[in-house]
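Please examine the sequence and the three-dimensional structure shown below. The paragraphs that follow lead through the structure step by step.

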Amino acid sequence: MQSAPGEPLLKASKIDDLRTWLSAAVTDQETCLDGFEVTSDELRGKMEAAMVTSTRYTSNSLAIAAGILGITEKLNFPRHRKLLSPVASTAR
């Protein structure tokens, strides 16, 4: 979904949505592993090993999303979309 011109790109509600989705992804990963409790320890261990990278990326993304608004405010980073307009060049 694109923002309308002049609308903030990083609205708090969008960041909150992102945090919710990432939190759900972490929960889904844990729920998936819980489904392997009735299987052999070897199979569960293989699934846990396979999901390590995914879990790390998801957790890191969640931490970034949690801090992004605060960082942009501290740096006075513009959160609004700025459109470039064509400038007619008269000098050649």
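Lysine 14 counts as partly exposed, because its relative accessibility is 25%, a value that lies between the limit for buried residues, under 20%, and the limit for exposed residues, over 50%. The model in which this value was computed is a predicted one. Lysine 14 belongs to helix α1. Its C-alpha atom lies 9.9 Å from that of alanine 65, although 51 residues separate lysine 14 and alanine 65 in the sequence.

How many helices and strands does the protein chain contain? The secondary structure consists of 2 helices and 0 strands. Helix α1 covers residues 12-34, and helix α2 covers residues 41-74.

The next topic is the arrangement of these helices. Two packed helices are described by two quantities, the angle between their axes and the distance between those axes. For α1 and α2, the axes come within 9 Å and cross at roughly 165 degrees. Angles over 145 degrees count as roughly antiparallel, and α1 and α2 are therefore roughly antiparallel to each other. Their crossing is left-handed. The residues that form the contact of α1 with α2 comprise 15 nonpolar, 6 polar and 4 charged ones.

Individual residues illustrate this contact. Leucine 22 is located in helix α1. Is leucine 22 buried or exposed? It is buried, because its relative accessible area is 15%, and the limit for a buried residue is under 20%. Leaving aside residues up to four places away in sequence, leucine 22 touches Thr58, Ser61, Leu62 and Ala65.

Threonine 58, another of the residues touched by leucine 22, is situated in helix α2. With a relative accessible area of 10%, threonine 58 is likewise buried. Which residues does threonine 58 touch, not counting those up to four places away in sequence? They are Leu22, Ala25, Val26 and Gln29.

Arginine 56 is also placed in helix α2. This residue is exposed, because its relative accessible area is 56%, and exposed residues are those over 50%.

Finally, the chain may be considered as a whole. Of its 92 residues, 13% count as buried. Its accessible surface comes to about 7400 Å², and carbon and sulfur atoms account for 59% of that surface. Where contacts link residues at least 6 apart in sequence, 67% of them join residues at least 24 apart.

Technical notes. Residues are numbered from 1 along each chain as its sequence is written. This is a predicted model: local features need pLDDT of at least 70, side-chain atom pairs count only at pLDDT 80 or more; totals for chains, interfaces and linings use all residues. Side-chain values use heavy atoms; hydrogens and water are left out. Helices (H or I, at least four residues) and strands (E, at least two) are DSSP runs, numbered from the N terminus. Buried means under 20% relative accessible area, exposed over 50%, partly exposed in between (1.4 Å probe, protein chains only). Contact means heavy atoms within 4.5 Å. Accessible areas come from the Shrake-Rupley method with a 1.4 Å probe; for residues, only the protein chains shown count as cover. Axes are lines fitted to C-alpha atoms, for helices over the stretch in contact, and angles run from 0 to 180 degrees between N-to-C directions. Angles under 35 degrees count as roughly parallel, over 145 as roughly antiparallel, 65 to 115 as roughly perpendicular and the rest as oblique. A crossing is left-handed if the near helix is turned anticlockwise from the far one by less than a right angle, and right-handed if clockwise. Ala, Val, Leu, Ile, Met, Phe, Trp, Tyr, Cys and Pro count as nonpolar, Asp, Glu, Lys and Arg as charged, and the others, Gly among them, as polar.
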